[in-house]
Every structure is written in structure tokens, then in C-alpha cells.
Amino acid sequence: MTPKFLPVTTVFLVTFAVTGCGDRLDNIGRAPTLTDIEGSREALAMRSTPLANDISDRRDTDGASLWAAGRQSLLGDRRAQLAGDILTVVIEIDDKAEVSASSNRGRSGSESMTVGALLGIDSLGPLAQVDLSPGISTTSSSASTGDGTTSRNEKLTLRVAATVVGTLPNGVLQIQGSQEVRVNNELRELLVSGYVRPEDISRQNEIPYDKIASARISYGGRGQITDMQQPRYGQQLTDIVLPF
């Protein structure tokens with residue numbers, strides 16, 4: 001007799017497989033899609049009109065001056081200052097750490113106690129066949145050895161344009177930037193966000209990563225090569241569930 005309904009376990013496994021592999025199923029047969037920048041915080045910050053710092057009356061002689069005080073003038077400050085401005089984040093990470101530790105410990109001991117006679121009797125007699133010497137004898141020994149080494153080397157050199165998405169009450173700028181590069185069927189993605197002080201921005205409108213507070217830097221990707229480097233969903237599930 002053919003069953004009319006699938007078992008609950010089968011339905012659960014099929015649902016889990018479809019929902020867990022949704023993104024991968026969408027990319028079957030074609031390259032991964034780029035993230036749409038419309039509606040992002042960067043786009044909203046660029047579309048917003050900043051408020052004027054001061055409202056002053058314009059004089060008739062202002063247009064005749066050879067030197068202007070605006071940001072677009074020859075001596076104007078073109079560094080990022082307001083929401084929607086763009087600056088360059090320079091990421092140059094070259095960290096190397098190495099820790100080594102070694103320990104060695106040992107201990108040995110020996111104890112012995114002899115009863116030569118009991119109440120003046122050397123032995124309990126020929127019938128007992130018991131000798132009182134030696135009485136107690138113990139020997140102990142312990143040893144412990146430990147050795148450990150930790151080594152890490154990281155090197156990353158990148159440059160990415162970030163957008164000022166907000167200004168805190170104390171004048172600190174909140175920045176956020178993203179960059180996506182697609183090569184064949186592999187998409188490389190770079191994300192950066194954090195808080196910077198306006199005075200830390202150089203005259204070239206650049207900010208090094210070590211001057212960014214609460215920096216969040218992500219460099220990864222998605223595509224066919226990344227999928228091949230990841231364990232299968234079933235293997236990841238068993239690694240979490242199985243205790244051994």
C-alpha cells in the first residue's frame with residue numbers, strides 16, 4: 001500500500017535542506033549576485049542634505065574676491081566632515097605573534113620502617129612462620145613535562161572608500177564602506193565600519209585602520225570556491241549534535 005503522507009522526519013529534513021541551501025540554490029548555474037547599493041546607509045547619507053553651520057548674509061563683494069573660504073576653494077579643507085562625504089580607509093595589517101612555554105617537574109620519595117622485635121620476641125615462633133622485619137616499606141615517584149608553542153602571522157593590505165553615515169554629538173564621525181569584486185564565479189567582499197575623529201583624517205582625505213575606533217573589518221567572499229572550502233550542511237549538523 002502506498003502511503004499518502006510523508007513521514008514527519010522526511011518533511012523536516014527536506015524543509016531544512018531547502019531553507020538552509022536557499023542562497024546556494026539561487027546561484028546554481030550563474031555567478032553570485034552583487035549586493036544592491038540602493039537603500040543602503042551609504043546611499044541614504046549621500047542623498048541627505050546637510051544642515052548649514054551658520055546662516056550669514058551674503059555681501060555683494062563676496063563674488064569679486066580672489067580667495068574664497070568654501071571647501072571647493074584652492075585652500076579649502078576637502079576632508080570628510082559631513083554625512084555623505086567620502087574618505088579612503090587604508091588597511092595595512094602586518095601582525096606577527098609567537099609565544100613559547102616549556103615546563104618540567106619531577107619528584108621521588110622512599111619510606112621504610114622496620115620492627116626488629118615485639119615485646120622482646122624476635123619472631124612469633126616456628127609455628128606462625130611470621131617475621132617482624134621489615135615492617136613497612138613504600139616508594140613513590142612522579143614526573144610532569146609540558147611544552148607549548150603558539151604562532152600567528154597575518155598580513156593584509158587594502159584600500160577602500162568609506163562614507164560618513166552619521167555624526168555623534170561629540171563630533172566623532174561614523175563611517176561605513178563596502179566593496180565587492182566579482183571574478184568569474186567568485187565574489188570577493190570587503191566591509192569596514194567604525195568611528196573616526198575628524199582631526200585624524202589626513203590632508204589626502206585618508207584614515208589608517210588603527211585610527212578607527214570599534215573598527216569592524218571583514219574580508220571574505222562567496223561563490224563556488226568558497227562553497228568547496230566549506231563542509232557540507234549535513235557534516236556541520238552532525239558536528240554540532242554528536243558529542244563524540
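Q: Ile240 to start: buried or exposed?
A: Exposed, because its relative accessibility is 70% and the cut-off for exposed is over 50%. Bear in mind that this is a predicted model.

Q: Which helix does Ile240 lie in?
A: Helix α5, residues 233–241.

Q: And which residues make the nonpolar surface patch?
A: Leu237, Ile240, Val241 and Leu242. The patch covers about 420 Å².

Q: Switching to charges. How many salt bridges does the structure hold?
A: Six. One of them pairs Arg159 with Glu206. Their closest N and O atoms are 2.4 Å apart.

Q: Where do those two partners sit?
A: In distant parts of the chain. Arg159 is in strand β2, residues 136–167. Glu206 is in strand β5. They are 47 residues apart.

Q: What does Glu186 pair with?
A: Arg188. Their side chains meet in a salt bridge at 3.7 Å, N to O.

Q: What about Asp200: which side chain does it meet?
A: That of Arg197, in a salt bridge of 2.9 Å, N to O. Salt bridges with shared partners also tie Arg197, Glu199 and Asp200 into one network.

Q: Is Asp200 buried or exposed?
A: Buried, at 16% relative accessibility. Arg197 is partly exposed, with a relative accessible area of 42%.

Q: Now Ser202. Where does it lie?
A: In the loop between β4 (186–196) and β5 (206–208). Ser202 counts as partly exposed, at 25% relative accessibility.

Q: How far is Ser202 from Arg79?
A: In sequence, 123 residues. In space, 7.6 Å, C-alpha to C-alpha.

Q: What is the phi of Asn205?
A: Near 60°. That is a positive value in a residue other than glycine. Asn205 lies in the loop between β4 and β5.

Q: Buried or exposed there?
A: Asn205 is buried, because its relative accessible area is 15% and the limit is under 20%.

Q: And the phi of Ser214?
A: Near 55°, again positive in a non-glycine residue. Ser214 is found in strand β6, residues 213–223. With a relative accessible area of 46%, Ser214 is partly exposed.

Q: Last one, Gln174. Which strand is it in?
A: Strand β3, residues 173–183.

Q: Why does Gln174 count as buried?
A: Because its relative accessibility is 19%, and buried means under 20%.

Q: Which residues is Gln174 in contact with, leaving aside neighbours within four places in sequence?
A: Arg41, Thr163, Val164, Val165, Gly166, Gly194 and Tyr195.

Note on methods. Residues are numbered from 1 along each chain as its sequence is written. This is a predicted model: local features need pLDDT of at least 70, side-chain atom pairs count only at pLDDT 80 or more; totals for chains, interfaces and linings use all residues. Side-chain values use heavy atoms; hydrogens and water are left out. Patches are made of residues with over 30% relative accessible area and no salt bridge: like charges are joined within 9 Å, nonpolar side chains (Val, Leu, Ile, Met, Phe, Trp, Tyr) within 5 Å. Accessible areas come from the Shrake-Rupley method with a 1.4 Å probe; for residues, only the protein chains shown count as cover. A salt bridge is a side-chain nitrogen of Lys or Arg within 4 Å of a carboxyl oxygen of Asp or Glu. Helices (H or I, at least four residues) and strands (E, at least two) are DSSP runs, numbered from the N terminus. Buried means under 20% relative accessible area, exposed over 50%, partly exposed in between (1.4 Å probe, protein chains only). Contact means heavy atoms within 4.5 Å.
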